Amino acid sequence: MHAVRFHEYGPAEVLRYEEVPDPKPGPGEALLRVRACAVNHVDIDMRNGTSRLPITLPHTLGFEIAGDVVAVGEGVTEVAPGDRVSPLFQIHCRECEWCERGEHMHCERIRMLGAQSAGGYAEYVVSPSWALLTYSAYPLADCTPSILIRSQCMCSPRSHHSHSRQ
Ligand SMILES: [Zn+2]
């Protein structure tokens, strides 16, 4: 597949559109075809090398993603191919003391697609299936991918709680 990556920190000119290996969903993961991916100021900080996030070069940015599920790994029950989804911006571990208390924003091992793993500046991205918000049950089902991303900003606190029980 194609992805936009950078091999060194710097201005927008360091971004390269290039061929990369196709990602495959592992157990508990879903493969998404990316329909839209926003540019967040954190993406720019990561590209500039000022984010303090632990990224490995070359890197694919992008954590505000909307897409369609195209394949799922072993044991996935939350989503199926064809579902329109948006991954949580911050993916908590669901195991640490903070997560056990339901205070996910303090998770000791919180991570982001597009930071600790490849993000959505690509044709495809892999996400934990439990961390996907599905829109088939929302009146937003017919809206554009960019609105799906914006809608997560409004509903993510509730979504974090609903997903924490799974
Ligand atoms: Zn945690």
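These legends describe close-up views of a predicted model. Residues are numbered from 1 along each chain as its sequence is written. Because the model is predicted, local features need pLDDT of at least 70 and side-chain atom pairs count only at pLDDT 80 or more, while totals for chains, interfaces and linings use all residues.

**View 1. The buried face of helix α1.** Helix α1 spans residues 41–48, and its buried residues are D43, M46 and R47. Helices (H or I, at least four residues) and strands (E, at least two) are DSSP runs, numbered from the N terminus. Buried means 20 or more other C-beta atoms within 10 Å of the residue's own, exposed means 12 or fewer, and partly exposed lies in between; C-beta atoms are placed from the backbone. Seen down the axis of α1, the buried residues fall within an arc of 100°, so they line one face of the helix. The arc is that of the directions from the helix axis to the C-beta atoms. An α-helix has 3.6 residues a turn, so residues three or four places apart point the same way. The cover over the buried residues of α1 includes β1 (2–6). Just after α1, G49 takes a positive phi of about 85°.

**View 2. The three-stranded sheet.** This open sheet of 3 strands runs in the order β2-β1-β4, with antiparallel pairing. Strands pair if DSSP finds at least two bridges between them. β2 (15–19) and β4 (59–60) stand at the edges, each with a single partner strand, so one side of each lacks a neighbour in the sheet. β1 and β4 pair over 2 bridges in the antiparallel sense. R5 has T60 as its bridge partner in β4.

**View 3. The five-stranded sheet.** This open sheet of 5 strands has the order β7-β3-β5-β6-β8, with antiparallel pairing. Its edge strands, β7 and β8, each pair on one side only. β5 pairs with β6 (residues 84–87) in the antiparallel sense over 2 bridges. D68 has R84 as its bridge partner in β6.

**View 4. The largest nonpolar core.** A nonpolar core is a set of buried Ala, Val, Leu, Ile, Met, Phe, Trp, Tyr and Cys residues joined through C-beta atoms within 7 Å. The largest one has 32 residues; A30, L32, V34, I65, V79, A122 and V125 have the most contacts inside it. Two or more residues come from each of β3 (29–37), β5 (65–72), β7 (124–128) and β8 (132–134). β3 gives the most, with 5 residues.

**View 5. Around L32.** Not counting residues up to four places away in sequence, L32 touches I65, G67, D68, V69, V70, V85, Y124, V125 and S127. Contact means C-beta atoms, placed from the backbone, within 7 Å.

Technical notes: Contact = placed C-beta atoms within 7 Å.
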